[in-house]
Amino acid sequence: MYAFFPHLSSPDRRGKVLQLLAAQPWRAWKGSELAAILAIDNVNSFRGQLSQWSHQGYINKIGPALYGSMPTSA
């Protein structure tokens, strides 16, 4: 289903999510897509974690269940 993704070298889940988002910074990712790539079974719990990371400023919540990398300042 997902043809190309960078080698995810980060040892932790948040680091892997950040690597995925940075690989395609223009894209809005569904939480369920990220969960599928990372082989996470409990998607609802993972979505809660994504929401928490967005509140902490690690990732950008674009819309309901949509996430992206944080915008870079020019």
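Read along the sequence, the protein follows the pattern α-β-α-α-β-β, which comes to three helices and three strands. Helices (H or I, at least four residues) and strands (E, at least two) are DSSP runs, numbered from the N terminus. The model is predicted; local features need pLDDT of at least 70 and side-chain atom pairs pLDDT 80 or more, while totals for chains, interfaces and linings use all residues. Residues are numbered from 1 along each chain as its sequence is written, and side-chain values use heavy atoms, with hydrogens and water left out.

Of the 74 residues in the protein, 31% are buried, where buried means under 20% relative accessible area, exposed over 50% and partly exposed in between (1.4 Å probe, protein chains only). The protein exposes about 4700 Å², of which carbon and sulfur atoms supply 52%; accessible areas come from the Shrake-Rupley method with a 1.4 Å probe. Among contacts (heavy atoms within 4.5 Å) with a separation of 6 or more, 42% are between residues 24 or more positions apart.

The largest nonpolar core has 14 residues, and those with the most contacts inside it are V17, L34, L38, F46, L50 and I59. Helix 1 (13-23), helix 2 (31-37) and helix 3 (43-55) each supply at least two residues of this core. Such a core is a set of buried Ala, Val, Leu, Ile, Met, Phe, Trp, Tyr and Cys residues joined through side-chain atoms within 4.5 Å. Leaving aside neighbours within four places in sequence, L34 is in contact with V17, L20, L21, W29, F46 and L50.

Q19 also lies in helix 1, but is partly exposed, with a relative accessible area of 23%. The C-alpha atoms of Q19 and L8 are separated by 6.7 Å, although the two residues are 11 apart along the chain.

Strand 2 (residues 60-63) pairs with strand 3 (residues 66-68) in the antiparallel sense over three bridges; pairing requires that DSSP find at least two bridges between two strands. N60 has G68 as its bridge partner in strand 3. Two residues lie between the strands of this hairpin, in which A65 takes a positive phi near 60 degrees.

Two arginines have the charged end over a ring: R14 over Y58, 3.8 Å from the ring centre, and R27 over W29, 3.7 Å from the ring centre. The criterion is NZ of Lys or CZ of Arg within 6 Å of the ring centre and within 35 degrees of the ring normal.
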